Amino acid sequence: RESPTGTLDVLWRWPASQTAGGPLEAILPDACKPLSAPQISHSGPRVTRRWRAQCGEGSLVGERIGVAGLRERQTDALLRLHLADGRLIQAVLRGDAPVVTVPERSGRFDVLRDYVRLGFEHILSGPDHLLFVLGLVLLVQGWRRLIWTVTAFTAGHSVTLALAVLGVVTIPSQPVEILIALTILVVAVELTGGERETWIQRFPWAMAFTFGLLQGLGFAGALTEVGLPGDEVPLALFAFNVGIELGQLLCVAAILAVRIGLVRAPVCWPTSAARAPAYVIGSLAVFWMIERTAAMF
């Protein structure tokens, strides 16, 4: 927060799981000299450091501010800068763009663009979420049932994503990650087939909605680490969801394209090949359950 006299009040907050002495550090303009020693406090899952710096009499417009170490930690950060003229500059910093030049003007489009990209990159970089979507596409037969199932999955994770990010629901991330792996295993078991039709096969949309509630808590973990712009929370949530859906639709389209290509290929596939995806998905799900349970204890 910049004052008219050129002083800068800095609040630097990071997850408690990351050590204060790690590679993540705030990058301020060279002209900014600290006026006080940092004050560190712990609050729940976050650590906060506050200090004051003197940045001269000129404005910060045109200066570079960012975070060092994002590429090494493979994470993102939210920058919020209150200028002395009353404007609020906010941007999502990432490994390939860890520094931002303070612009003359910033608008809602920047929030929309940054959080759509954040949601899109998150789902495409999460193998467990992608495997669940793969399982849904392979499990559900028929375009209409698939559309309803994917829509129910979207509704489920949108509800818990909003509730978790807004602090209405607070659940530790480690049990959630274990349960997400369990949902993938359940879908894999359903893919192995059987003579008796299960309720999941009859009502895949109900399963997708229920499991989507858990997936939403997983999405919230990534969004909570970055944070939300205080005055644009609804827009940022909407944009993050749009990014997730764009990545999800891209995944569904790619799976369907590959399946059509395999069916039309002039190859005589063995009967056992139809079950191969189920065993791959199930094996990875069991591995993640064991790995995440061991990490929790």
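A salt bridge here means a side-chain nitrogen of Lys or Arg within 4 Å of a carboxyl oxygen of Asp or Glu. With that in hand, here are my notes on this predicted model.

1. Let's start with the pair that needs the definition. Glu-121 forms a salt bridge with Arg-117, and their closest N and O atoms are 2.9 Å apart, which falls within the 4 Å cut-off. The two sit four residues apart in helix α2, so about one helical turn separates them. Glu-121 is partly exposed, at 32% relative accessibility, and Arg-117 is partly exposed as well, with a relative accessible area of 36%.

2. Arg-117 has another partner. Its side chain also meets that of Asp-96 in a salt bridge, at 3.0 Å from N to O. This pair links distant parts of the chain: Arg-117 belongs to helix α2 (residues 108-124), while Asp-96 lies in the loop between β8 (88-93) and β9 (99-101), 21 residues apart.

3. Which residues end up in one network with Glu-121 and Arg-117? Arg-94 and Asp-96 do: salt bridges with shared partners join Arg-94, Asp-96, Arg-117 and Glu-121.

4. Glu-25, at 32%, counts as partly exposed.

5. Now the nonpolar side of things. Val-159, Leu-163, Leu-166, Val-168, Val-169 and Ile-171 make up a nonpolar patch on the surface, and together they have about 470 Å² of accessible area. Val-159 is placed in helix α4 (residues 143-165).

6. One backbone detail is worth a look in the viewer. Gln-74 has a positive phi of about 55° although it is not a glycine. Where is Gln-74 placed? You'll find Gln-74 in the loop between α1 (70-73) and β7 (77-82). With a relative accessible area of 75%, Gln-74 is exposed, because exposed means over 50%.

7. Last, the overall picture. The chain has nine helices and nine strands, and its C-alpha atoms fill a box of roughly 75 × 40 × 35 Å along the principal axes. Of the 297 residues in the chain, 42% are buried. Among contacts with a separation of 6 or more, 73% come from residues 24 or more positions apart. The accessible surface of the chain is about 16200 Å², and carbon and sulfur atoms account for 63% of that surface.

Definitions and conventions
Residues are numbered from 1 along each chain as its sequence is written. This is a predicted model: local features need pLDDT of at least 70, side-chain atom pairs count only at pLDDT 80 or more; totals for chains, interfaces and linings use all residues. Side-chain values use heavy atoms; hydrogens and water are left out. Buried means under 20% relative accessible area, exposed over 50%, partly exposed in between (1.4 Å probe, protein chains only). Contact means heavy atoms within 4.5 Å. Accessible areas come from the Shrake-Rupley method with a 1.4 Å probe; for residues, only the protein chains shown count as cover. Patches are made of residues with over 30% relative accessible area and no salt bridge: like charges are joined within 9 Å, nonpolar side chains (Val, Leu, Ile, Met, Phe, Trp, Tyr) within 5 Å.
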